[in-house]
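Hi everyone, thanks for making time.

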Amino acid sequence: MSVVRAFVGVGANLGDAQTTVRQALQALGRIDGCQLGCCSSLYRSAPQDAIGPDFINAVAELHTTLDAVALMQRLQALEHAFGRVRTVRNAPRTLDLDLLLYGDSAHHDERLTLPHPRLHRRAFVLQPLAEIDASLQLPGLGPISPWLKQAADQRVELIGPA
Ligand code: ADP
Ligand code: MG
């Protein structure tokens, strides 16, 4: 069975968001077929295309034997377990889990797009990703560093270790 390196973006902006993000990072490591690699620090960002309080963000590296669709299903189950209620798109949420990267896969269908379609435009994803691996290659988009520079005007504040 092959092991794939995947990255998951974790975000929360309701309730005790820092605790939710920390608990979610640990819960990712307990998914069957997933092993938790590095976790980024926690960051704070203003809501973007969204409403409500500031977001707490982090990224987790996973080593997984699940395929991308199965992993995505586990992430959605975890969102539900943390009490996320889907109302309108971009509504405030208890927990948002995005599959950012799955190995070097590029994929697009109605359920799943890889890399995550907005990853390269969001400083709150790029900064924690680059903290884990500054030399990361984004499938179809090249090295992470120019995207990070392009998003430098977005306010993202480092909080501290996860
Ligand atoms: P956001 O992408 O801003 O986090 P939502 O979480 O509200 O937005 O909605 C994302 C929708 O996009 C989900 O219904 C999900 O099926 C779909 N989707 C497609 N690709 C991905 C991906 N790589 N990671 C997470 N959701 C994805
Ligand atoms: Mg999402």
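**A walk through the model**

Let's begin at helix 3, where the buried residues are Ala123, Phe124, Val125, Leu126, Pro128, Leu129, Ala130 and Ile132. That makes eight of the ten residues in 123-132, so this helix is largely enclosed by the rest of the structure. Before I go on, keep in mind that this is a predicted model.

Okay, on to the cores. Which residues touch the most other members of the largest nonpolar core? They are Val10, Leu28, Leu71 and Leu99, out of 31 residues in that core. Several elements each supply at least two residues to this core: strand 1 (4-12), helix 1 (17-29), strand 4 (55-64), helix 2 (68-81) and strand 5 (96-102). Apart from this core lies another one, of 19 residues, and Phe124, Leu136, Ile144 and Trp147 are among them. As background, nonpolar side chains in soluble globular proteins tend to be buried together.

Let me zoom in on Val10. Setting aside residues up to four places away in sequence, Val10 touches Val21, Ala24, Leu25 and Leu28, then Ile56, Asn57 and Ala58, and finally Leu95, Asp96 and Leu97.

Asp96 brings me to the metal. Which residues are the protein donors of the magnesium ion, ligand 2? Asp96 and Asp98 are, each through an OD atom, at 2.1 to 2.3 Å from the ion. Asp96 is buried, at 13% relative accessible area, and Asp98 is buried too, at 17%.

Now helix 2. What do they pack against? The N-terminal end of helix 2 is capped by Asp67, with a side-chain oxygen 3.2 Å from the backbone nitrogen of Val69. Just after the helix comes Gly83, with a positive phi of about 90°. For context, most residues other than glycine have a negative phi.

Ser40 is 19 residues from Val59 along the chain, yet their C-alpha atoms are separated by 5.4 Å. Gln150, in helix 4 (residues 144-150), is another story: Gln150 and Val59 are 91 residues apart in sequence and 20 Å apart in space, C-alpha to C-alpha. Gln150 is exposed, at 52% relative accessible area.

The other stop in strand 4 is Thr64, again buried, at 1% relative accessibility. The Thr64 side chain reaches the backbone oxygen of Gly33 at 2.9 Å. Beyond its neighbours within four places in sequence, Thr64 is in contact with Ser2, Val3, Val4, Ala6, Gly33, Cys34, Leu71 and Tyr102.

Since cysteines have turned up: how many disulfides are there? With a cut-off of 2.5 Å between cysteine sulfur atoms, the count is zero. Cys34 is in no disulfide, and the nearest cysteine sulfur, in Cys39, is 12 Å away. Is Cys34 buried or exposed? Buried, at 9% relative accessible area, while Cys39 is partly exposed, at 28%.

Last stop: the loop between strand 7 and helix 3. Pro115 is found there, and a cis peptide bond joins Leu114 to Pro115, with omega at about -10°. Most peptide bonds, remember, are trans. His120 is in that loop as well, and at 12% relative accessibility His120 counts as buried. Neighbours within four places aside, His120 is in contact with Leu126, Leu141 and Trp147.

Notes. Residues numbered from 1 in each chain as written. Chains lettered and ligands numbered in written order. Predicted model: local features only at pLDDT ≥ 70, side-chain atom pairs only at ≥ 80, totals over all residues. Heavy atoms only, no water. Buried < 20%, exposed > 50% of the residue type's maximum accessible area, 1.4 Å probe, protein only. Donors = N, O, S within 2.8 Å, 3.2 Å for Na, K, Ca; no water. Helix = DSSP H or I, 4+ residues; strand = E, 2+ residues; numbered from the N terminus. Core = buried A, V, L, I, M, F, W, Y, C linked by side-chain atoms within 4.5 Å. Contact = heavy atoms within 4.5 Å. Polar contact = N/O pair within 3.5 Å; in protein donor to acceptor, adjacent residues only side chain to side chain.
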